[in-house]
Amino acid sequence: MKSLTLKIVLPLTVISFATFTKWWYAIPVDAPDTMFTGFPLAYACPGWHTSMSLQIFITELIFDILTYFAFWFILVFCFNHFIYRIKIAKWVTIILWTLSVPFMASGIFLVSNNNNLFYIKRPYDMQVLETGYEF
């Protein structure tokens with residue numbers, strides 16, 4: 001299963017984390033209405049102190065990544081164990097990693113902005129007005 005985790009689960013986690021998310025239109029306490037991003041928890045929103053910055057909530061981000069990882073791990077494990085023994089061709093692994101590397105690079109680029117604010121946990125409450133899913 002270790003081999004399948006490296007060859008299938010990790011790239012699928014990165015790809016799905018970057019492509020499938022949920023938006024949250026909410027009103028934080030004592031702040032303007034804001035669009036949050038994240039599934040199943042909101043882990044990022046625009047920074048209020050300057051444009052092109054983000055507020056990133058580390059606990060929620062880690063929980064979201066682990067949720068995506070657990071989903072793909074359980075799916076691959078059950079398929080491999082109960083339905084059909086998975087044998088990965090080298091070209092499939094190369095394609096999956098080739099697709100996931102640009103997503104990782106863009107995520108690193110966004111996070112490396114020195115104007116971003118990082119919080120261990122979201123420091124304010126919010127009232128969610130509307131939500132939706134996006135690709």
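What is the volume of the largest pocket? In this predicted model, where local features need pLDDT of at least 70, side-chain atom pairs count only at pLDDT 80 or more and totals for chains, interfaces and linings use all residues, that volume is about 790 Å³. Residues are numbered from 1 along each chain as its sequence is written, and side-chain values use heavy atoms, with hydrogens and water left out.

A pocket here is an open set of points on a 1 Å grid over the protein atoms alone, where a 1.4 Å probe fits, with protein on both sides within 12 Å along at least five of seven lines; lining residues have an atom within 4 Å of a point. The lining comprises 26 residues, and F17, Y43, G107, L110 and V111 lie nearest the pocket centre. By class, 21 are nonpolar, five polar and none charged. Helix 3 (90-111) is among the elements that each supply at least two lining residues, and the largest share, seven residues, comes from helix 3.

The largest nonpolar core consists of nine residues: L4, I8, V9, L12, I15, W72, V76, I86 and L96. Such a core is a set of buried Ala, Val, Leu, Ile, Met, Phe, Trp, Tyr and Cys residues joined through side-chain atoms within 4.5 Å, buried meaning under 20% relative accessible area with a 1.4 Å probe, protein chains only.

Notes. Buried means under 20% relative accessible area, exposed over 50%, partly exposed in between (1.4 Å probe, protein chains only). Grid points are joined across faces, edges and corners, and a volume is the space filled by probe spheres set on the points. Helices (H or I, at least four residues) and strands (E, at least two) are DSSP runs, numbered from the N terminus. Ala, Val, Leu, Ile, Met, Phe, Trp, Tyr, Cys and Pro count as nonpolar, Asp, Glu, Lys and Arg as charged, and the others, Gly among them, as polar.
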